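Subject: Structure handover

Hello,

Please find the structure below.

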Amino acid sequence: MADLILAEPRSLPVGPIGRNGIGWWGVGALVASEAALFGYLLFSYFYVGATAQPGWLAEPYPKLFPSLPNTILLVASSFVAWFGEKGVEKDNRGQALIGFGGAFVMGAVFAAVQGYEWWMKPYGLGANSYASLYFVTTGLHMAHVLVGLVILAALFGWTAVDYFSPRRRISVSAGVLYWHFVDVVWLFVFTTYYITPYLGYAR
Amino acid sequence: MRPAAFRTPEIGEDNPILRARLHAIWETTPGWRGWLSTVDHKQIGLRYIVTAFVLLAIGGIEALVIRLQLAGPNLTLLTPDQYNQLFSTHGMTMIFLYASPILSGFSNYLWPLIFGSRDMAFPRLNALSYWVYLAAALFLYSGFVIGAGPNDGWFNYVPYAEKDYNPGLNQDFYALGMVLLGISTTVGAANFIVTFFKTRAPGMSINRVPIFAWGTLTASVANLVVVPAVSLAFFLLWMDRQYGTQFFKPEHGGQPLLWQHLFWIFGHPWVYAIVLPAMGMVSDALPVFCRRPLVGHTLVALATVSVMILGFGVWVHHMFATGLPGLAMSFFSGASIIITVPSAVTVFAWIATIWLGRPVITTAFLFFASMILLFVIGGVSGFMTASVPVDWQLTDTYFVVAHLHYVLIGINVFPVVGATYFWFPKFTGRMMDERLGRWNFWTMFLGFNLGFLPMHLTGLLGMPRRVYTYPDGMGWDILNLITSIGSFAFAIGVLLFFINCWRSLRHGEVAGDNPWGAPTLEWSTSSPPPPYNFAVIPTVASRHPLWEDQLREGEGRSSLFRGMLLDHGKEAIATTSLDADPERILEMPEDSYAPLLLAIGLAILFVGLLLMRGIVAGVGGALVFLALLLWLWPRASLKEREPDQPEAAHG
């Protein structure tokens with residue numbers, strides 16, 4: 001093997017090509033760590049819920065409007081961001097800008113609606129441990145949404161000044177991967193806080 | 001026309017012209033600019049090591065003051081509050097600021113050399129990891145200096161850590177400092193993982209990786225997924241204290257045990273994270289002095305991985321006395337007992353290596369060999385407390401203190417000091433003094449056992465831990481006095497170690513490239529290594545590239561002086577994860593201020609959070625934002641975007 005590497009060296013890509021590069025691994029590690037963080041947040045919810053007195057749920061039947069449509073909007077934004085990434089891949093700048101811009105607007109609407117939900121809650125952060133868990137978990141998710149929005153805005157700007165090409169676009173793939181993560185993790189948060197009470201958890 | 005995206009790496013011989021060119025490419029700018037912006041893993045590694053040793057000394061002095069207070073009954077050198085802060089800060093320092101960072105330092109320095117590479121996968125992330133570690137250490141210690149150090153033990157149980165019972169800034173310093181330190185640990189862990197899987201020399205397939213690298217890899221995988229648990233725990237505590245949330249307050253539906261779960265979900269894998277790399281050091285360096293390969297290399301690698309996997313499932317053994325259901329305790333007790341099996345595999349592999357080898361007794365050998373004994377003692381006392389009824393008897397007594405010191409000093413400090421004797425010539429180009437080394441070893445070894453062996457008995461006689469003094473007539477007086485004497489002897493031993501380092505740095509015998517006749521790649525380059533590590537990228541054909549003539553392990557021969565040149569710029573090679581086939585030419589980043597700027601921004605942000613000053617936090621946050629933008633801005637030199645090239649250039 002060693003002989004072959006030296007006798008017949010192969011032609012190798014220089015730097016990241018397409019979505020392949022070690023930067024991809026770096027973002028993968030970041031996502032793994034962040035996913036663990038949300039895992040512990042949801043563990044906290046289930047653990048505290050399992051050991052709590054009856055009546056712990058501040059809302060036995062959490063309202064699914066506007067949270068459910070809002071969830072669908074966020075998940076849809078993942079597809080729009082993917083559409084933008086495909087645009088870069090095909091060297092179609094218009095499609096890329098529509099994708100990143102569209103995902104940004106959808107993400108911003110999600111954040112605004114979530115803010116409205118917080119505003120409408122009849123209880124505050126310190127009402128009981130349920131309320132604390134709800135606000136801190138969705139709050140930390142919101143922090144990730146805001147970071148994701150900054151990333152989408154940056155991708156939009158960098159695409160607008162024509163930085164990327166089908167070959168050189170590792171930043172796009174990394175940024176869009178992060179946005180997918182933000183959206184997927186929300187599905188877990190949403191299921192935990194909005195759906196499991198209907199299934200009877202902690203009621 | 002855009003520049004070519006593919007290239008066949010030139011193969012060539014090591015030669016002075018190539019070296020001069022690589023030196024110019026890889027050298028860090030001299031002076032303070034280079035000092036603040038360097039991304040060279042060797043400089044960063046040494047900074048880690050020096051900082052961690054300074055903190056070891058500080059934590060040691062704290063321990064000595066504690067031992068003075070406990071030398072006899074009813075002493076009043078310290079007030080109870082001072083005692084609380086001192087023993088908590090001692091624990092925090094040793095466990096968080098010494099034990100893990102020292103291993104990161106060695107790994108940072110050695111990994112690219114062991115892997116035949118030119119730097120870590122993410123050099124700037126490496127610099128960030130160090131700067132944030134330094135910032136967190138300063139942050140945590142500034143609390144201690146103004147009398148607001150942690151005061152609830154290093155594992156900081158609620159409700160005592162809540163504001164009602166602990167109104168000062170102590171816990172806020174500790175909570176925020178730990179979140180800050182967690183950032184450093186996490187980015188460092190990510191860097192090690194990617195470095196391990198992507199940047200090993202061509203031919204260094206997964207079964208040829210030295211055990212030390214396996215140790216740091218498993219520790220890093222653990223850190224990546226468990227550090228968020230403790231960061232979250234401390235964040236929730238801080239929210240409870242400053243924003244009135246109810247996570248840990250039972251009167252409003254909170255759950256104090258949630259703290260313990262989150263802390264120990266992190267805490268126990270962390271214990272393995274601070275010993276597995278050190279065990280790896282022994283697995284790689286001990287055989288060098290036995291003049292033979294490690295017995296059961298593959299088994300030891302698998303044992304390392306399985307200890308880490310099992311290590312995720314033992315955390316509840318810290319909570320046996322909290323009234324959890326019997327089934328849960330049985331499960332975790334079983335896991336805690338099973339984990340001794342892979343640990344024993346490693347121990348027997350070391351013993352067999354000594355047995356079957358021709359040991360050369362050096363100071364480093366003594367540290368490594370004695371570590372086996374200390375590991376067994378610490379392991380057996382751990383095995384005992386893995387049993388629930390035994391734990392109920394022994395928990396919160398000095399028996400546990402003795403156990404954890406055998407584990408942490410025995411499996412971390414002893415291997416680390418041995419590793420310093422072993423790799424010091426590589427770091428500095430000079431040997432450490434063997435004569436002083438013997439004094440160093442025997443003082444540390446005898447002092448340590450004199451101090452901590454009797455402590456088992458103190459615990460069995462019922463002395464509780466964490467009390468600032470004790471009445472006479474309990475049968476604890478003589479034992480405590482012996483422990484205090486032993487601790488001072490041990491401290492003198494550590495002092496001799498520092499003196500030896502200091503003297504050898506100036507006056508040590510000049511070491512060649514490979515003073516010990518060791519088999520791995522770091523010994524094939526000069527001591528200290530040049531900025532580019534290897535003039536040509538080594539191509540590896542066996543586990544012991546430098547012992548191939550004696551061992552005849554495989555068919556081929558490693559090629560150390562003929563290989564890929566990669567001299568078109570700051571370049572390194574990426575290889576596939578399992579077979580280590582060349583996969584990609586990596587463009588490595590130049591020195592950068594972004595990591596330092598980001599660390600400063602984070603430090604200001606955390607000071608703002610501590611003081612609850614929105615403006616300070618805002619300034620810090622803005623700095624963080626700017627640094628990240630500077631860092632992540634796509635660069636043509638790193639092939640993150642196409643270069644600005646007018647169309648006319650080729651027209």
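In strand β6(B), B:P582 is the bridge partner of B:T575. This is a predicted model, in which local features need pLDDT of at least 70 and side-chain atom pairs count only at pLDDT 80 or more, while totals for chains, interfaces and linings use all residues. Residues are numbered from 1 along each chain as its sequence is written, and chains are lettered from A and ligands numbered from 1 in the order in which they are written. Helices (H or I, at least four residues) and strands (E, at least two) are DSSP runs, numbered from the N terminus.

The β5-β6 hairpin of chain B

β5(B) and β6(B) run antiparallel and are joined by five bridges; two strands pair if DSSP finds at least two bridges between them. The two strands form a hairpin with six residues between them. In the turn, B:A580 has a positive phi of about 55°.

Is strand β5(B) enclosed or open? Five of its five residues (571-575) are buried, so β5(B) is largely enclosed by the rest of the structure. Here, buried means that 20 or more other C-beta atoms lie within 10 Å of the residue's own; 12 or fewer means exposed, anything in between is partly exposed, and C-beta atoms are placed from the backbone. In a regular strand the side chains alternate between the two faces of the sheet. In β5(B) both faces are covered, with B:E571, B:I573 and B:T575 buried on one side and B:A572 and B:A574 buried on the other.

The three-stranded sheet

Chain B also has an open sheet of three strands in the order β2-β4-β3, with antiparallel pairing. β2 (11-13) and β3 (537-539) stand at the edges with a single partner strand each, so one side of each has no neighbour in the sheet. From one strand to the next the twist averages 55°. β3(B) and β4(B) are paired over two bridges, and B:I537 stands opposite B:M564 of β4(B).

Helix pairs in chain B

Two packed helices are described by the angle between their axes and the distance between the axes. Axes are lines fitted to C-alpha atoms, for helices over the stretch in contact, and angles run from 0 to 180 degrees between N-to-C directions.

α7(B) and α8(B) pack at about 155°, with their axes 8 Å apart. That makes the two helices roughly antiparallel (the term for angles over 145 degrees; under 35 is roughly parallel, 65 to 115 roughly perpendicular and the rest oblique). Residues in the contact include B:A222 and B:V226 of α7(B) and B:P269 of α8(B); two residues are in contact if their C-beta atoms, placed from the backbone, lie within 7 Å. By class, the contact has 17 nonpolar residues, one polar and no charged. Ala, Val, Leu, Ile, Met, Phe, Trp, Tyr, Cys and Pro count as nonpolar, Asp, Glu, Lys and Arg as charged, and the others, Gly among them, as polar.

B:P269 has 27 C-beta neighbours inside 10 Å, so B:P269 counts as buried. Leaving out residues up to four places away in sequence, B:P269 touches B:A222, B:V226, B:G311 and B:F312.

The axes of α9(B) (276-290) and α10(B) (297-311) come within 11 Å and cross at roughly 170°. These helices are therefore roughly antiparallel to each other as well.

Where the chains meet

How many residues of chain B are in contact with chain A? There are 55, and they meet 47 residues of chain A. On the chain B side, α7(B) gives the most, with eight residues. That side divides into 29 nonpolar, 16 polar and 10 charged residues. Strand β1 of chain A (12-13) and β1(B) pair in the antiparallel sense over two bridges, with A:P13 opposite B:F6.

Backbone exceptions

Most residues other than glycine have a negative phi, and most peptide bonds are trans. A cis peptide bond joins A:F65 and A:P66, with omega about 5°, and another cis bond joins B:V158 and B:P159, also with omega about 5°. A:D91 has a positive phi of about 60° although it is not a glycine; A:D91 lies in the loop between α3 and α4 of chain A. In chain B, the phi of B:D396 is positive too, near 65°.

Regards
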